[in-house]
Amino acid sequence: MTIAAAPPHAASAAAESLFSVEGLRCAGCIATLETGLGATPGVIAARVNFSAKRLRVAHLPELDEAALLTAIDALGFAAHPFAAPPAQAPGEARRLALALGVAGFAAMNVMLLSVSIWSGADGATRQLFHWLSALIALPAIAYAGRPFFESAARALRRGRTNMDVPISIGVALTAATSLYETATGGAHAYFDGAVMLLFFLLAGRLLDSVARARAEDGVAALLRRVPREATVVRGGIAERRDAAELAPGMRLLVAAGERIAADGVVEAGESSIDRALVTGESLPEAARPGTKVLAGTINLAAPLTIRVTAVGEGCAIAEIARLMEAAGQSRSAYVRVADRAARWYAPAVHSLAAASFVGWLIAGASLHQAVTIAVAVLIITCPCALGLAVPVAQVVASGALLRAGVLVKDGSALERLARASRVVLDKTGTVTLGQPRVTAGLPEEAAARAVLAALAGASRHPLARAVSAALEGVAPAAITGLVEHPGLGIEGFYQGERARLGRPDWVLGGAASAEHRAAFAWGTINAAIEVADPPRADAAAAIAELAALGLDPVLFSGDSPAGVAQVAGPLGITAAARMSPADKAARIAALQAAGARVLMVGDGLNDGPALKAASVAMAPAEATDVGQQAADALFFGDQLRAVPRAVRAARATMAVVRQNFALAIGYNLLAVPLAIAGQVTPLIAALAMSGSSLLVVGNALRLRGAAR
């Protein structure tokens, strides 16, 4: 199997730069960056990877990174060239948590003082409590509101607006109006409303930050599987060289158990190669002179001399990484449609508040009354309930799924999981357990089993370990003269008879069959051993449930047609064999182009591009690190039925989300006209906003049993 190299840039006419960007909050930010940079002379295209906070810019060679950074800064975003993880500042979650704690502490104390005022405190007592509230609230607002104030100021300096602008204006006006009321002996102050508003907004911002911090960069993890050093042979002398110094034509000496540092062809030696990195197949493949090997795969049995054919960006593993990153960038399309309305929110709220202010002045209201009404409109239209409609349901459902053995890494995955219409399953390690097991061929005689147990126990080869597991409890015979022949197998002597375990052609000679992976011979006993990777115990039930949910499951695998048919046949599932990582990703892209929303379930590095290309992805918790990072959700244990369980929970979650949206929109339809009519004070506006949020949260709590 081969992987096609990535197409080069057309005649080197374009260069490409990658940046980490701070301050990305919503699709409005994505549109600002992509559209703004697209209008910059020399920029060919700009794409934002929202989940990784990364920006990829294709541009003319004469446009350098410094000029691009200047253009990004002019759009109101801080950026730096991408060199390592992650774009998000390491202390962001900590800063938000501190701000949330300050806002919560201030809100509780100011509310206690406000209770006394509501209870009838008057005169000097009322004024004292107002001043105490001011002393608590103003420093808290200045500290806890910084994430919103700084974001709003950055946007306004660049002549644009964002969601934080009306929030900052509402909080600042509420604090200023309350301070004026306190200083002039007024009856009302709304410090409690301002700090409560910040508390709820910061809680949502912190949840988003923590979720992003947990997501690691799967592309970087994939590339880390290539060793940093390799042994280069020149003129009979072996020396360790940095992998970056390798070039096509060099010869590498790869020891047993070592990862291969570059794509190449075996020139000398015989061994076995763990190619799960590319094929996903748990069984090793033989390597002999002429065999093509890939960077990142493992030489299992004996030293090999390899002639390098591709290094660095030209390696198959780098191509897999490029496929993963390209597919990850396409994810931003899922949030754009949903967030288009958000780009109109800030100007709409500003216009509504300004119209209320001017309208009341024209109607003869005092300046103070008009400002109070405008502030109430700004606060009561805060989209907290709308903002919580999705994340609170996701948090509750994710907790329920975690208790059921499914870890949801990305909250938005539940929405995509609920919309899935097709499911693609990897074979090895997903439908199966990824552990070779002996299915037939073991000798029946006790003496022969003891000899076989001794041979298998003396080797670290994966097939030998599978035989050892099958003979667990069998006491090994006292074999002498044990010798392991690299790439062939292991042999020894017992009772004067030669005993061998290894490749069928080496053990059985002409009687060997291509259908068998291993063979055993001792004296007159010849046994062809069948090794397979059986399906999970509940695979048939899980596939039936997925079909009942309308997901039409299909099996994709890099294994041979015979190996795939052995699993797919009894399960009654359509299957495709000998698929490369690029094949899987391309097939999924074709399904989605035809209108399907694909759920990909896979475990290996070879599944990385497919996991990224799919609308939503799941992986078993024992998957490779890249498989885990590329997936949106992980399931624990050996139960495949976690997949249909997660789909059902996701669909229930989205039903609750739709209910929450209806509640939030209903609240706005009722509350906004009252605020415009002057029937709502800023404090009541903050309480009403908080009440709508609590209603949404209460409805979402019904999802605690969604994963049963």
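1. A first point concerns Tyr-494 in this predicted model: with a relative accessibility of 21%, Tyr-494 counts as partly exposed, because the cut-off for a buried residue is under 20% relative accessible area. Trp-522, by contrast, has a relative accessible area of 11% and is buried.

2. These two residues belong together, since Tyr-494 and Trp-522 form an aromatic pair, with 5.8 Å from centre to centre and 50° between the planes, and the pair is classed as tilted. The count of aromatic pairs comes to one. Tyr-494 sits in strand β18 (residues 489-494) and Trp-522 in strand β20 (residues 518-522), so that the pair links distant parts of the chain, 28 residues apart.

3. Another residue to look at is Arg-503, which is found in the loop between β19 (497-502) and α19 (504-508). The side chain of Arg-503 is joined to that of Asp-505 by a polar contact of 3.0 Å. Once residues up to four places away in sequence are set aside, Arg-503 touches Glu-270, Arg-288, Gly-487 and Leu-488.

4. As background, nonpolar side chains tend to be buried together in soluble globular proteins.

5. On confidence, the mean pLDDT of the protein is 79, and 80% of the residues reach 70 or more. Confidence is highest in helix α17 (residues 446-457), at a mean of 94, and lowest in helix α8 (residues 218-223), at 55. The pLDDT is below 50 over residues 214-218, a stretch that has ten contacts in the model beyond near neighbours in sequence.

6. A further stretch calls for care: over residues 326-339 the pLDDT stays under 50, although the model has 29 contacts for these residues beyond four places in sequence. Where pLDDT is low, the predicted coordinates should not be read in detail.

Terms used: Residues numbered from 1 in each chain as written. Heavy atoms only, no water. pLDDT = per-residue confidence, 0-100. Helix = DSSP H or I, 4+ residues; strand = E, 2+ residues; numbered from the N terminus. Contact = heavy atoms within 4.5 Å. Polar contact = N/O pair within 3.5 Å; in protein donor to acceptor, adjacent residues only side chain to side chain. Phe/Tyr/Trp six-rings, centres within 6.5 Å; stacked < 30°, edge-to-face > 60°. Buried < 20%, exposed > 50% of the residue type's maximum accessible area, 1.4 Å probe, protein only.
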